[in-house]
Amino acid sequence: MQFYDFKEVQERVILIGVQTAQDEDVEASLDELEELAQTAGAETAAKVIQNREAVHPGTYIGKGKIEEVRNLLRAFDANGVICDDELSPAQMNNLEKELECKVMDRTLLILDIFARRAVTSEGKIQVELAQLKYRAARLVGLRDSLSRLGGGIGTRGPGEKKLETDRRLIRTRISALKEELRQVEKHRELIRGSRARGRMKTAAIVGYTNAGKSTLLNVLTGAGVQAEDKLFATLDPTTRLLELQDGQQLLLTDTVGFIRKLPHHLVEAFKSTLEEAKYADYIIHVVDASNPQAETQMQVVYETLKELGASGKKTVTLLNKQDLAVDTQLRDFIADHTVKCSAKTGQGLDELKSVLSGFLAEEQIYIEELYPYREGGKIQKIREYGHLLSQEYRDDGIYVKARVPAEIFVSVMPGMPDK
């Protein structure tokens with residue numbers, strides 16, 4: 001009997017970008033698009049940039065460039081193109097007819113990667129919701145091509161099974177998913193509420209995708225989160241307890257990576273996940289200091305935080321990957337503190353913990369008090385919510401030096417009613 005080795009054919013694609021302003025770095029954006037394509041399982045055969053005052057309303061690029069791309073498709077035996085901007089249904093349809101190949105845009109590519117990466121039920125709901133919103137807006141324009149969208153990039157995940165349904169069925173499914181997501185958000189709010197009642201401070205780890213956020217969480221807390229040298233290696237937020245050097249504790253939450261031109265559908269669908277940064281007390285901004293585009297990536301992160309209503313918080317920026325970094329002049333003038341570190345080697349992590357201890361101390365009140373033995377419960381409360389520096393047992397009680405959060409200060413003072 002003869003056995004055949006069936007292998008998935010790797011897609012070869014041409015990347016297309018349009019430069020409409022001199023200060024736009026389309027080349028760097030296409031480099032990132034190449035990384036996204038690689039993460040999705042495609043090989044980039046060539047890149048094409050057209051300088052125009054504005055993108056072509058009908059075909060994204062002009063006729064001359066369409067002819068150039070058509071020739072490149074034949075020359076490199078490529079079977080698809082990916083445009084660096086979100087295409088309208090008409091642009092996608094017209095470009096497919098002109099080039100006679102599969103046409104995708106940046107949004108569809110990112111959705112495909114998210115579909116691969118979603119593990120939890122919440123992640124899968126968010127991905128399907130974003131896919132359906134994207135496709136619902138294009139249903140009329142794509143009606144002719146729905147039947148020929150088979151396997152490969154841009155068709156993965158739970159969203160594709162709805163492509164052949166009409167607008168009404170998609171709207172029904174979107175409503176059902178939104179309701180499921182509301183239930184998930186309620187659960188997340190309950191968790192946040194219990195943390196708030198426990199008065200445990202939280203820090204959200206944010207940063208550009210592939211900056212090293214998950215690696216940092218793993219090193220600091222032993223979280224065991226998947227960490228790969230790929231874009232969007234993790235989607236689902238993970239919260240773990242961090243023990244600082246002085247005995248204080250802090251909750252760390254990993255968040256989904258940011259990226260330039262983050263599709264609006266994704267921001268909306270992943271709002272409950274991204275809002276972990278909004279509700280955190282502090283921000284740990286992880287930057288890949290070895291990336292030539294580090295400054296641009298930092299700007300994208302701050303713009304996304306502003307969009308989420310999470311700006312203005314106490315922030316420590318970690319210039320990560322110092323073991324690979326070349327530019328030693330990189331600075332962040334927005335953050336309260338900047339730490340050069342390497343999550344891989346451990347460099348700078350003690351300094352990070354020291355900065356976080358400082359953040360906690362700034363919000364605490366220092367006390368030196370003598371507690372009668374009958375008020376021992378208050379000392380336990382200090383241990384739970386504050387930082388007990390020392391205690392000395394005397395004949396008339398326990399003499400305590402401690403730092404406590406302002407919100408519990410009155411309740412732990414000697415002689416006050418214990419609440």
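One term before we start: a crossing is left-handed if the near helix is turned anticlockwise from the far one by less than a right angle, and right-handed if clockwise. Helices (H or I, at least four residues) and strands (E, at least two) are DSSP runs, numbered from the N terminus. Two bits of housekeeping: residues are numbered from 1 along each chain as its sequence is written. This is a predicted model, in which local features need pLDDT of at least 70, side-chain atom pairs count only at pLDDT 80 or more, and totals for chains, interfaces and linings use all residues, while side-chain values use heavy atoms, with hydrogens and water left out.

**Stop 1: two helices**

Select 63-75, helix α2, and 89-99, helix α3: they pack at about 55 degrees with their axes 10 Å apart. Axes here are lines fitted to C-alpha atoms, for helices over the stretch in contact, and angles run from 0 to 180 degrees between N-to-C directions. Angles under 35 degrees count as roughly parallel, over 145 as roughly antiparallel, 65 to 115 as roughly perpendicular and the rest as oblique, and α2 and α3 are therefore oblique to each other. Which hand does the crossing of α2 and α3 have? Right-handed.

Now show side chains. On α2, the contact (heavy atoms within 4.5 Å) uses Ile 66, Val 69, Arg 70 and Leu 73; α3 brings Leu 95, Glu 98 and Leu 99. That makes five nonpolar residues, no polar ones and two charged. For this count, Ala, Val, Leu, Ile, Met, Phe, Trp, Tyr, Cys and Pro are nonpolar, Asp, Glu, Lys and Arg charged, and the others, Gly among them, polar.

**Stop 2: the parallel sheet**

Next, find the open sheet of four strands, ordered β2-β1-β3-β4 with parallel pairing. Two strands pair if DSSP finds at least two bridges between them. At the edges sit β2 (42-51) and β4 (102-105), each pairing on one side only. Neighbours in this sheet are turned by 25 degrees against each other on average, direction ignored.

Zoom in on β1 (residues 11-19), which pairs with β2 in the parallel sense over nine bridges; Glu 11 stands opposite Ala 42 in β2. Bring α2 back too: α2 packs on this sheet, touching β1, β2 and β3 (80-83), and its direction makes about 160 degrees with that of β2.

**Stop 3: the antiparallel sheet**

Last, pick the open three-stranded sheet, β11-β13-β12, where pairing is antiparallel. Its edge strands are β11 (364-371) and β12 (387-394). Here, neighbouring strands are turned by 10 degrees on average, direction ignored. Select 397-405 for β13, joined to β11 by eight antiparallel bridges, and end on Tyr 371, opposite Ile 398 in β13.
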